[in-house]
Amino acid sequence: MRSEKKIISNVLKGSLGNLIEWFDWYVYASFAIYFAPSFFPAHDKTAELLSTAAVFAIGFLMRPLGSLVLGKYADQHGRRAALTLSVLIMASGSFIIALTPSYAQIGIFAPAILILARLFQGLSLGGEYGTSATYLSEMASAGHRGFYASFQYVTLISGQLIALGVQIILQMTMTETALTSWGWRIPFFIGALGALVVLILRLSMEESDQFIAQSKKAKGRLRDLMRYPKAVLTVVGLTLGGTIAFYTYTTYLQKFMINSVGLPKQQVAWINFAALFIFMILQPFAGALSDKIGRKPLLFWFGGLGTVLTIPILTLLSHVKSGWAAFGLMMAGLIIVTGYTSINAIVKAEMFPTEIRALGVGLPYGLTVAIFGGTVEYVALYLKKINHENWFFIYVTLVIAISLVVYWRMTDTKHTSKLDE
């Protein structure tokens, strides 16, 4: 039995890796408004953003493959080994983007290389989610699993916050011309170097007791996963609304405030930073609450309020002129989404036995995020381009409603957890 100090040490090492992987991932979204002209020259700002959003979506298409390959690897060779490999792949992708010449220098090869790098990063992130969710859940003590597992989104949001922080610093110290010309490369270098530091930390992580205890069993086999069709479909259903809502209120809202609302870029960066910081702080409180009252009440919070309030929040936001009003509406959306983000990792981990847990958590999640989460920006920007942006608000509402039905029908995994078996 590990001491609480050991648990915290291992959770921190696993979480720091998650942080840097998501920093590398979100740097792309945060700085797309600056590097879009370097890779996709066009006369229309929305067209440029559509191109970068398409590449963002392409990166997501690799996430199911990453979930499959690295999930199997984690179940067969250990959580620590898979987490170490995933951060190494992410570092490679960031270095490639940072060093890629512009379209003006090498023509069509520039976007081609960008796509290749994002495929690498998508592979890495696909493996990271399921494996880190599994590792944090298995490392946690029985009465605090919701609390410790919530740190997956604490560090995920931290990665986005640091990306935004770097953006704010660069906006304050560089001209927009310099940022668009070459300054956008700086955060990709930072992410790549940070990933190499985390790689060293992850080498000192301990393996989970659950993995060690079942080392002689057959592990990570797809045919074994297919014995749990209800759990797999439940992961898809509970992820569907959550991932679309999350990417709507985080990565897309930055572009929405600039491109649709018309707020200045620097003001939007500060709004996003403040809202995401509070969002990050909420995660462990909500996770700890789930340890006391169960997982389903938090899922109902997200599903119910998300279904009722998404259209009003986004409609109001599209008409505001005040930065404070935009912050308040973004914060309202994020508070609702906390019901999903704080506990989705532990809920999924509690559905599967140890020998297929990383694969079971990661693969159906990766498929759902690739199809729906990765296309959020593209769908939203396309509907704006054809002058039906309000259809996007309806789309988000409908998928949250579908997930609400899943939450209603599923059991509360706190009381049926396979982590106890």
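The model is predicted, so local features need pLDDT of at least 70 and side-chain atom pairs count only at pLDDT 80 or more, while totals for chains, interfaces and linings use all residues. Residues are numbered from 1 along each chain as its sequence is written, and side-chain values use heavy atoms, leaving out hydrogens and water.

**Overall fold**
- The protein chain has 20 helices and zero strands (DSSP runs, with at least four residues of H or I for helices and at least two of E for strands).
- Its radius of gyration, taken over C-alpha atoms, is 20 Å, close to the 22 Å that the globule rule gives for 421 residues, so the chain is as compact as a globular protein of that length. The globule rule is 2.2 Å times the number of residues to the power 0.38.
- Of the 421 residues, 62% are buried, meaning under 20% relative accessible area with a 1.4 Å probe, protein chains only.

**Helices H4 and H6**
- The axes of H4 (residues 79-99) and H6 (residues 109-139) come within 8 Å and cross at roughly 155°; axes are lines fitted to C-alpha atoms over the stretch in contact, with angles from 0 to 180 degrees between N-to-C directions.
- H4 and H6 are therefore roughly antiparallel (angles over 145 degrees).

**Thr 251**
- Thr 251 belongs to helix H13 (residues 229-261) and is buried, with a relative accessible area of 3%.
- The C-alpha atoms of Thr 251 and Gly 191 are separated by 18 Å, and these residues are 60 apart along the chain.

Notes:
Parallel < 35°, antiparallel > 145°, perpendicular 65-115°, else oblique. Buried < 20%, exposed > 50% of the residue type's maximum accessible area, 1.4 Å probe, protein only.
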